[in-house]
Amino acid sequence: MAFDLKKVALVFGVSLTIIAVCSVLYVFTIQWKQQSNDVVEPGRFSDPSLKFVTVLFRHGNRAPGFKCNTDAHNNIFPEGKMELTKKGKQNMYKKGQILRRLYNSFLSNLYLDTEILVKTTDTRRTFMSAAMVLAGMYPPKGYQKWSDSETVWQPIPIYTNSPDHGTLFDEPGKCLAFDSMSIKLYNQLNNHTDKNITALMSYLSEKCGQPITHKNIIKLYDLLLCRIADDLPQLEWIKPYHIETIKSIIMNKQSSKTFFENYGFQKILIGPLLNEIGSIMESRLNNYNITRKMSLYSGHDISVAMAMNFLGNNIELPDFGASLHFHLYHDDINEYTIKMFFYDRWNNEEGKEVLIPICGNPCKFTDFKNLLEKNFSGEWAEECKKIES
C-alpha cells in the first residue's frame, strides 16, 4: 500500500510539472506572437473577389495647439503643439497591426513597393502616423531584415503629395473662399444669446486666465479632448458637464449643416482626394496597374468626416486613428462594386459596413465614379475662385 501511494504521488507530481510547463509555453507563445506581429491566418478581408482597397485614416493622438495661462502642467505635452504624442505613436503602430490582421493574405507578407502606395498631408503628425502604421503592418522578415539585432521597423516610402486638403484651417490665404466661409461659420457660432452660455464663457475665461470666445472655444475643447485621449489629468476646474456643454455649442446641427454638409466645403476640402481614389480604382479595374492592391492616406478628422458626409453618412468628428475603407469588389452579377467600412477609432477591429445612399445598393463602381466626376470635376484653384465669387 505504501508503494502504491508513492507511485500515485510520483504520477501526480509529474502531471503537475507537465501542466505547469505547458502553461508557461502557452503564455510564452502567445506573448511571442503578439510581440513579433507574426500573423499567419488569412484576414477578414482576404476574399478573392476583393480587388483593391483604399484606407483614409486620421492621425494618432496629438498635442493640442492651445493651453490655458493658469495651467500648472506647462510641459504636459513635451512633444510641442499639434505634434504626435507618445501614445499616438503607440496607437498608430497598433493600428498598423490591426490592418495587417484585417488584410493578411490579401496583402503579401513582405512589403512590396508595387503593391501598396502611401500618401500623407504635409504635416509631421500625419507623416509620423503613416510611418507607425507601416511599422505595424510590415515588420521586416526574411531578406528584408536589415539589422543584426531585432527590430520592428523597416524603411518604407511615404509620399507627401496627398490631395487631401484637411489642413486648410492652418493655411490662411491658400483658398480665400474657405477663409471667408470659415469666418461666416465663426460668426454663426457667435450668435448665441443664451445667458447660460454667456456665463460659461465668463467662467472659462476667468479660470483659463485669458479670454475664451466663440472663436477660440473650439481650441479649448480640443485641449480637453487631447488630455482625455492621452489619459492625462484634466484641468481641475473642468467638470464633465462643462465638456458636454462646450460640445453642444460647437457640434450642433446647425454648425454641422453649415460646415460638413456644405457642398462648397466638400468640393474644396475632400473633392480632390475622392477624385483620386476613384481614378486609382478605375486604373486598377482597367488593368493599368494590376499589382497595386492598396492605397493608404494619412489625414485628418475633417478629411474622414467630410468624405463620410458627402457620401451620405453624417458623423461627428472621428476619434484619433479612425479610418474609412473603400473596397473594390468584382463578381459576375454586379461586375465591379464599391463597399465602404468605417472604424471609429484606432483600436476598433470590428468596424461596420456603411452604405453609400447617393450611389445605391449595391454601389456599382461606374455609378460611384460618375458621381465623383459630376461633383468634383473642376480644378481645385478654379473651384476656390468660383465659390468665392
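At 61% relative accessibility, Glu350 counts as exposed, where exposed denotes a relative accessible area over 50%, buried one under 20%, and partly exposed the range in between (1.4 Å probe, protein chains only). The model is predicted, so that local features need pLDDT of at least 70 and side-chain atom pairs count only at pLDDT 80 or more, while totals for chains, interfaces and linings use all residues. Residues are numbered from 1 along each chain as its sequence is written, and side-chain values use heavy atoms, with hydrogens and water left out.

Glu350 is located in the loop between β5 (335–343) and β6 (352–354), the helices (H or I, at least four residues) and strands (E, at least two) being DSSP runs numbered from the N terminus. When neighbours within four places in sequence are left aside, Glu350 is in contact with Arg44 and Tyr343, contact meaning heavy atoms within 4.5 Å. The C-alpha atoms of Glu350 and Ile98 are separated by 9.8 Å, although the two residues are 252 residues apart along the chain.

The protein chain contains 13 helices and 7 strands, and 48% of its 389 residues count as buried. Of the contacts in the protein chain between residues at least 6 apart in sequence, 75% join residues at least 24 apart.

Two helix pairs were examined for their packing geometry, with axes taken as lines fitted to C-alpha atoms, for helices over the stretch in contact, and with angles running from 0 to 180 degrees between N-to-C directions. Helix α2 (residues 86–103) packs against helix α3 (residues 124–137) at an angle of about 45 degrees, with the axes 6 Å apart. This angle makes α2 oblique to α3, since angles under 35 degrees count as roughly parallel, over 145 as roughly antiparallel, 65 to 115 as roughly perpendicular and the rest as oblique. The contact involves Lys89, Met92, Tyr93, Lys95, Gly96, Gln97, Leu99 and Arg100 of α2, together with Met128, Ser129, Met132, Val133, Ala135, Gly136 and Met137 of α3. These residues divide into 8 nonpolar, 4 polar and 3 charged, with Ala, Val, Leu, Ile, Met, Phe, Trp, Tyr, Cys and Pro counted as nonpolar, Asp, Glu, Lys and Arg as charged, and the others, Gly among them, as polar.

In the second pair, the axes of helix α10 (residues 271–285) and helix α12 (residues 365–375) come within 9 Å and cross at roughly 145 degrees, the crossing being left-handed. The contact of α10 with α12 has 5 nonpolar, 3 polar and 3 charged residues.

In helix α7 (residues 240–250), the buried residues are His242, Ile243, Ile246, Ile249 and Ile250. They cover an arc of only 120 degrees around the axis, which puts them on the same side of α7, the arc being that of the directions from the helix axis to the C-beta atoms. The face turned away from this buried side carries the exposed residues Pro240, Tyr241 and Glu244.

Backbone features were also identified in loops. Asn361 and Pro362 are joined by a cis peptide bond with omega of about 5 degrees, Pro362 lying in the loop between β6 and β7 (363–364). Ser105, although not a glycine, has a positive phi of about 85 degrees and is partly exposed, with a relative accessible area of 46%.

Methods
A crossing is left-handed if the near helix is turned anticlockwise from the far one by less than a right angle, and right-handed if clockwise.
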